[in-house]
Each structure stands twice: as structure tokens, then as C-alpha cells.
Amino acid sequence: MSTSIHNVLTIAGSDSGGGAGIQADLKTFSALGVYGTTVITALTAQNTHGVQGVYAATAESVSAQLDAVLSDIQIDAVKIGMLATADIVRAVAAALHRYQPAHVILDTVLLSKSQHALLDKEAIAILRAELIPLAELITPNLPEAAALLEQDCATSEEEMVLQGEALCALGARAVLMKGGHLGSEFSPDWLIEANGHHTRLGGARILSTHTHGTGCTLSAAIAALRPQRLDLENAVSDAKAYLTQTLINSAKLTVGSGTGPVHHFYQWW
């Protein structure tokens, strides 16, 4: 296990409210001791009440950012979030083929918490065919997993596992099925690995109105911790523990009058 400071790249959209996307990723990277770099795929106008507008970058600008970072900086892990368009998905997949970073964590962002589309329909098919096979781990919530598989949303842990296995069959080396949408008092996640190893990551549901950016934060935490841990399971488990604490401590923040962000820097202030 290396003690050097790792460099991690986030490929995602900008959140003007600061709670999700690029902003949440950089906060998470800093909190977990890695140096963060960025490729911005879109500007969003949003706050704690939702997304008011999405302004996608061009595929050319995304490719230029990717080449600028990956040709110069040793990137130890990549987190991918909002991609917005089919052309951007293709640009990201092409760059991953060119540079072949060791760890790719794909957060399959399809909708915002306020149900605003963050990836167009054509792009979903391309993401499924071209990007998922390049990922070490994908981190769908239950509606996202259902959309990727064109199935009904899982309503039990057994169905979560089956859908996780089906997503592995699309080419991902592992799938973290997030159980927050199950609606029970617990919020179990399942780490489904293509090698047949399955791990249940339990946890009580934390009642909080400060849940904006939880998916971004979890995937960013996994990317930050993956080069620092011996295996994927330990990185995922420690990332989930970090997210839990950001939720528990989120009430310290007074950001907006809607769904507030988690507290990424709870350890310091």
C-alpha cells in the first residue's frame, strides 16, 4: 500500500449550488487525501430546490480537457459522473482507451434528485455499450440500474443482486447496487463482482433532508480510496463509512431552503 499522494480525475458536470458534481467530487477528494483534477462536461444552473438548466460542453472541449490532464499528470483513478450527451460519452470512452487509467469508477448518472434528465436517451445506449465495459466499478441506484437493463426497478435485495449480475454481464468488473430506493428502514448496498464474489454492505437509513450529492460523493470517495486500499471491497466499504458521516453531520450546514448538501469536511469544521 503506497503512502504517496495520489492524483484522481473527476469527469462530471458543474453544480452551481456546490453540493454535487465537480464541486462535491473535489471536496471529497480533498477530505480523503488525494489531489483532484477535473474535466467539466456541462454547466448546470441548480440549487437546493433542483436543476433549472443544463448547458452541455462540446465533445471537442471534453476531449481537449481529457488530453490535457491525462497526457501530463499520472492519474491513479478516474471518477465519471454526468456526461450529458452521446458525443461526450464517446469522447470519454475514446480517451479511456487511449490512456488506460488503472481504476475507473462510473457513476451512472441519468437523473438529478429533482428528476431532471442529465443524460439523453441516445447516450444511455452508448454508455451501456462503450463505457460500462471500461469500468472497474459502476454505482447505479435502483432506478438507474433498471433503466440500463430496461427492466422494472428492483423491489428486494434478491432482485438487486440479480440486476447487479446482469450489469456485470454487460462488461463491468463490478457493480455497486445502491439500495436507498428500497424504502425500508435499512439502506443495504450490494457489491456484485464479475468473479462471482458478492458482498452485502448493510447500514441503517439516516433520516436527513441534507442528501444532495450523496451519489456523487460516494463514487468520488471510492475513486479517492481505490488507490489507497488493497482491494475494491475495502475501498467501497470505507467510502460508504465516509458518506455515512457526511450525512450524520450534514445538519451543521445551513445551505439553501430545499434539499441541502452533505458535510464533506465534517472532520475539521
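Q: Which way do the residues of β7 point?
A: In this predicted model, A174, L176 and K178 point one way from β7, while V175 and M177 point the other way. Residues on both sides are buried, as all of those named are.

Q: Which strand does β7 pair with, and in what sense?
A: The partner is strand β8, residues 189-193. The two strands pair in the antiparallel sense over 5 bridges. Within that pairing, A174 stands opposite E193 in β8.

Q: Staying with β8, is I192 buried or exposed?
A: I192, which is located in strand β8, counts as buried because its relative accessibility is 0%.

Q: What does I192 touch, not counting residues up to four places away in sequence?
A: With those neighbours set aside, I192 touches V161, G164, E165, C168, R173, A174, V175, H197 and H198. For one of these, E165, the separation in sequence is 27 residues, and the C-alpha to C-alpha distance from I192 is 6.5 Å.

Q: Moving to α5: how many of its residues are buried?
A: Helix α5 runs over residues 142-149 and is mostly covered, with 6 of its 8 residues buried. The buried residues are L142, E144, A145, A146, L148 and L149.

Q: And what covers them?
A: The cover over the buried residues of α5 includes α4 (121-131), α6 (157-168) and β7.

Q: What about E150, where is that?
A: E150 is in the loop between α5 and α6. Its phi is positive, at about 55°, although E150 is not a glycine.

Q: Is E150 buried or exposed?
A: E150 is exposed, because its relative accessible area is 68%.

Q: What is the phi of Q100?
A: Q100 is a residue other than glycine with a positive phi, near 50°. Its place is in the loop between α3 and β5 (104-106). Q100 counts as exposed because its relative accessibility is 62%.

Q: Changing topic, which residues touch the most other members of the largest nonpolar core?
A: That core has 49 residues, and I80, L83, V92 and L131 are the ones that touch the most other members.

Q: Which helix gives the most to it?
A: Helix α3, residues 86-99, gives the most to this core, contributing 7 residues.

Q: What is I80 in contact with, leaving aside neighbours within four places in sequence?
A: Those neighbours aside, I80 is in contact with I11, V92, L96, V104, I105, L106, D107 and L131.

Q: On to helix packing: how do α7 and α8 cross?
A: The axes of helix α7 (residues 214-225) and helix α8 (residues 232-248) come within 8 Å and cross at roughly 140°. That angle makes α7 oblique to α8. The crossing of these two helices is right-handed.

Q: Which residues meet there?
A: From α7, the residues are T214, T217, L218, A221, I222 and L225. In α8 they meet L232, A235, V236, D238, A239, K240, Y242, L243 and L247.

Q: And how do α1 and α7 cross?
A: The axes of helix α1 (residues 21-31) and α7 come within 9 Å and cross at roughly 40°. α1 and α7 are therefore oblique to each other. This crossing is right-handed.

Q: What are the contacts between α1 and α7?
A: G21, A24, D25, T28 and F29 in α1 meet C216, T217, A220, A221 and A224 in α7. A221 is also among the α7 residues that meet α8.

Q: Last one: where does V39 lie, and is V39 buried or exposed?
A: V39 is part of strand β2, residues 35-47. V39 counts as buried because its relative accessibility is 0%. Not counting residues up to four places away in sequence, V39 touches L9, T10, I11, A12, I22, V62, Q65 and L66.

Q: How far is V39 from L162?
A: Their C-alpha atoms are separated by 33 Å, and the two residues are 123 residues apart along the chain.

Methods: Residues are numbered from 1 along each chain as its sequence is written. This is a predicted model: local features need pLDDT of at least 70, side-chain atom pairs count only at pLDDT 80 or more; totals for chains, interfaces and linings use all residues. Side-chain values use heavy atoms; hydrogens and water are left out. A nonpolar core is a set of buried Ala, Val, Leu, Ile, Met, Phe, Trp, Tyr and Cys residues joined through side-chain atoms within 4.5 Å. Buried means under 20% relative accessible area, exposed over 50%, partly exposed in between (1.4 Å probe, protein chains only). Helices (H or I, at least four residues) and strands (E, at least two) are DSSP runs, numbered from the N terminus. Contact means heavy atoms within 4.5 Å. Two strands pair if DSSP finds at least two bridges between them. Axes are lines fitted to C-alpha atoms, for helices over the stretch in contact, and angles run from 0 to 180 degrees between N-to-C directions. Angles under 35 degrees count as roughly parallel, over 145 as roughly antiparallel, 65 to 115 as roughly perpendicular and the rest as oblique. A crossing is left-handed if the near helix is turned anticlockwise from the far one by less than a right angle, and right-handed if clockwise.
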